[in-house]
Amino acid sequence: MMMQTVQSPVVRILDVHKSFGSNEVLKGIDIEVTAGEVVTILGPSGSGKSTLLRCINMLEEIDSGAVFVDGEQMGFDLRDGRLHRLPDSVVRRQRRKIGMVFQHFALYPHMTALENVLEAPVGIHGRNRKEAREEALALLARIGLADKANFYPRQLSGGQQQRVAIARALAIRPRLILFDEPTSALDPELVGEVLETMRGLADEGLTMIVVTHEISFAREAADRVIFMDGGVVVEEGPPDRVLNDPRNPRTRQFLNRVI
Ligand SMILES: Nc1ncnc2c1ncn2[C@@H]1O[C@H](COP(=O)(O)OP(=O)(O)O)[C@@H](O)[C@H]1O
Ligand SMILES: [Mg+2]
């Protein structure tokens, strides 16, 4: 392998702990994700999956451990041998490296699809509106919604709204996109189009961490499956191995219930 092809990971999660009061929700999580990798996280409700994603983009503050994105420690810097909390302005800049797609699409109802996609690049990043507009239209075309640019969320189906939310996450040109059960709130007949869009992004080489109950997505689009339970990573590996031949009894039990 040539030296320049050796990639440092896009995300490094090191021994992350997180409690809410006396409830320890993350009990020492270690995960690395390399550029272009698609990692699916499976696990029962309450196992800490959403909390982990929220810790990666600093919507929650971790108690101990560290999260690095692109080699930069999120939220802290090391000076004089001690960790110092970074100022909010720096945290906001760090957060912009990460796109996030939630279960509930959370589009702005008073903005069209195009305006929703433009909001972050123009409103937050201060990018040139004309240039950003062209890029936003290209993003809407990429997710198959070029003809819906001027529609308001209420004029779109749930699946179309979630695809706009994906375009909005892409508009900040993130290094990484986190998906938290992006299809769980959708009517069953709308799940396919959203998974199809996500598969397209995976094929394009986007770095993605996807929390989902869609085993078919994990099987077909993921490079690696991580199974979480009780705040720890119980098992991880290639989808074929973990899904067809789970080694941990908890993984086996979970898969028996969902497949
Ligand atoms: N903001 C919060 N305050 C208190 N407890 C929380 C909070 N967020 C999550 N939890 C608790 O953390 C645990 C894990 O939740 P979560 O990360 O949402 O799990 P999952 O996404 O795997 O279903 C649950 O017991 C939940 O009640
Ligand atoms: Mg969750």
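Does N244 count as buried or exposed, and at what relative accessibility? N244 counts as exposed, because its relative accessibility is 52%. Here exposed means over 50% relative accessible area, buried means under 20%, and partly exposed lies in between (1.4 Å probe, protein chains only).

A word on the ground rules. This is a predicted model, in which local features need pLDDT of at least 70 and side-chain atom pairs count only at pLDDT 80 or more, while totals for chains, interfaces and linings use all residues. Residues are numbered from 1 along each chain as its sequence is written, chains are lettered from A and ligands numbered from 1 in the order in which they are written, and side-chain values use heavy atoms, with hydrogens and water left out.

Stay with N244 for a moment. N244 lies in helix 8, residues 239–244. Helices are DSSP runs of H or I with at least four residues, strands are runs of E with at least two, and both are numbered from the N terminus. Leaving aside neighbours within four places in sequence, N244 is in contact (heavy atoms within 4.5 Å) with R219 and P239. The side chains of N244 and R219 are joined by a polar contact of 2.8 Å. A polar contact is a pair of N or O atoms within 3.5 Å; within protein, one must be able to donate a hydrogen and the other to accept it, and residues adjacent in sequence count only if both atoms are side-chain atoms. The C-alpha atoms of N244 and G28 are separated by 27 Å.

Now take another asparagine, N116. N116 is found in helix 3, residues 113–124. N116 counts as buried, because its relative accessibility is 0%. Not counting residues up to four places away in sequence, N116 touches L107, Y108, M111, P153, V164 and R168.

An open sheet of 4 strands has the order 2-1-4-5, with antiparallel pairing. Strand 2 and strand 5 stand at the edges with a single partner strand each, so one side of each is left without a neighbour in the sheet. Two strands pair if DSSP finds at least two bridges between them. Strand 1 (residues 11–20) and strand 4 (residues 64–69) pair over 5 bridges. I13 has V67 in strand 4 as its bridge partner. Strand 4 is joined to strand 5 (residues 72–73) by 2 bridges, and F68 stands opposite Q73. These two strands form a hairpin with 2 residues between them, and D70 in the turn has a positive phi of about 60 degrees.

Finally, turn to ligand 1. The residues around ligand 1, those with a heavy atom within 4 Å, include F20, N23, P44 and E60. An oxygen atom of ligand 1 is 2.7 Å from a polar backbone atom of G46. Taken alone, ligand 1 exposes 560 Å², and the protein buries 59% of that. Accessible areas come from the Shrake-Rupley method with a 1.4 Å probe.

Which element gives the largest share of the shell around ligand 1? Helix 1 does, with 3 residues. Among the buried residues are K49 and T51. M58 follows helix 1 and has a positive phi, near 65 degrees.
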